[in-house]
Amino acid sequence: MDERTRLRLDVSYDGTDFSGWAVQPTRRTVAGVLTATLDLVLGAGTATGLTVAGRTDAGVHATGQVCHLDLPTVVWREHEGRLLRRLARLLPADVRVRAMTEVPADFDARFSATFRRYEYRVTDAPWGAEPLRRRDTLAWPKPLELTALNAAAAGLVGEHDFAAYCRRKENATTLREVTRLDWRRDPDGILVATVQADAFCQNMVRSLVGAMLVAGDGRRPVEWPASLLTRRERSSEVTVAPAHGLALVEVGYPDDPAQYARRADLTRQLRVPAES
């Protein structure tokens, strides 16, 4: 069998015109575009095993997405000095591969990850979003109070069953540990939520944002988002915030590459609620 080299790819994209990350036969997706471009440069099927850290939904952006793939070592040695620039010339302008790095064979972009960090951008300016930021900033129709947003966020930090905020999948747990959730108002007036967890279930981040926003504008008490954590089914009261305000900004991995495999094994173990 030919020797193969595993590569970590750091990827950014404007999700506006993509139907998410995952390949879909009749839709434009990030993985589909990336695979097609790699096939064009290296030959069909040369790059294998494309695996992503977080499969973003349609319209969601990324500045810190991570994926891995495998190449025959002889092909990588032939192309490594110029592959990044060749991809830059051939990829569409709304997706960039910013780095390609050799990693150990047991590195797994998805399962070796220790955290994912997202940011969600909102403006409550009465005139709406600036035209140049309309693709990545939600315009909120009511004034938002930063103190209230952070009070609502505080009750959601920690390990909880986030069933009320997730689209449940069969045989999958909704238990997650949120290690950071806070809001800031930048000098330009934009409110930015930072959400970090070991992992997220589908629609979780945008659902959390949707719940906090109605607490931030006074329509719900600041305790309301946390009160939903007692539920074991998706809450119909929570409105999922639009995709375009959300961006995956960082994926964390163990500092010691020797821990990649151990972390992957731990992640694959089924999360189960702690006994009461």
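Trainee: Which residues does Tyr118 touch, not counting residues up to four places away in sequence?

Mentor: Contact means heavy atoms within 4.5 Å. By that rule, Tyr118 touches Thr56, Ala193, Thr194, Val195, Phe200, Val205, Leu246, Ala247, Leu248 and Val249. This is a predicted model: local features need pLDDT of at least 70, side-chain atom pairs count only at pLDDT 80 or more, and totals for chains, interfaces and linings use all residues. Residues are numbered from 1 along each chain as its sequence is written, and side-chain values use heavy atoms, with hydrogens and water left out.

Trainee: Where is the place of Tyr118, and is the residue buried or exposed?

Mentor: Strands are DSSP runs (E, at least two residues), as are helices (H or I, at least four), numbered from the N terminus. Tyr118 sits in strand S5, residues 115-123. Buried means under 20% relative accessible area, exposed over 50%, partly exposed in between (1.4 Å probe, protein chains only). Tyr118 has a relative accessible area of 9%, so Tyr118 is buried. UniProt places a "binding site" at Tyr118, in an unreviewed entry. UniProt positions follow the numbering used here, feature names are shortened, and annotations may be inferred rather than shown by experiment.

Trainee: What does Val249 contact, leaving aside its neighbours within four places in sequence?

Mentor: Val249 contacts Thr63, Gly64, Arg117, Tyr118 and Glu119. Val249 lies in strand S10, residues 246-252. The C-alpha atoms of Val249 and Tyr118 are separated by 5.4 Å, though the two residues are 131 apart along the chain.

Trainee: Which residue is 70 residues apart along the chain from Leu191, with C-alpha atoms separated by 5.8 Å?

Mentor: That is Arg121. Leu191 belongs to strand S9, residues 191-197. Its relative accessibility is 0%, so Leu191 counts as buried. Beyond four places in sequence, its contacts include Tyr120, Val122, Leu144 and Trp183.

Trainee: How does the domain assignment of the protein chain divide it?

Mentor: Domain bounds come from an automatic or database domain assignment. Here domain 1 is 4-111 and domain 2 is 115-251. Their C-alpha centres lie 28 Å apart. The contact takes 16 residues from domain 1 and 15 residues from domain 2.

Trainee: What area is buried between domain 1 and domain 2?

Mentor: Buried area is the accessible area (1.4 Å probe) that two parts lose on being put together, summed over both. Here the area is about 1,200 Å², with carbon and sulfur atoms giving 47%. Asp57, Val60 and His61 supply 37% of the area that domain 1 buries against domain 2, more than any other three residues.

Trainee: How many salt bridges does the rule find across the interface of domain 1 and domain 2?

Mentor: A salt bridge needs a side-chain nitrogen of Lys or Arg within 4 Å of a carboxyl oxygen of Asp or Glu. The rule finds three across the interface of domain 1 and domain 2. As for Asp57, its side chain meets that of Arg206 in a salt bridge (3.6 Å, N to O).

Trainee: Where is the place of Asp57, and what does UniProt list there?

Mentor: Asp57 is in the loop between strand S2 (48-52) and strand S3 (61-72). UniProt lists Asp57 under "active site", again in an unreviewed entry. At 25% relative accessibility, Asp57 counts as partly exposed.
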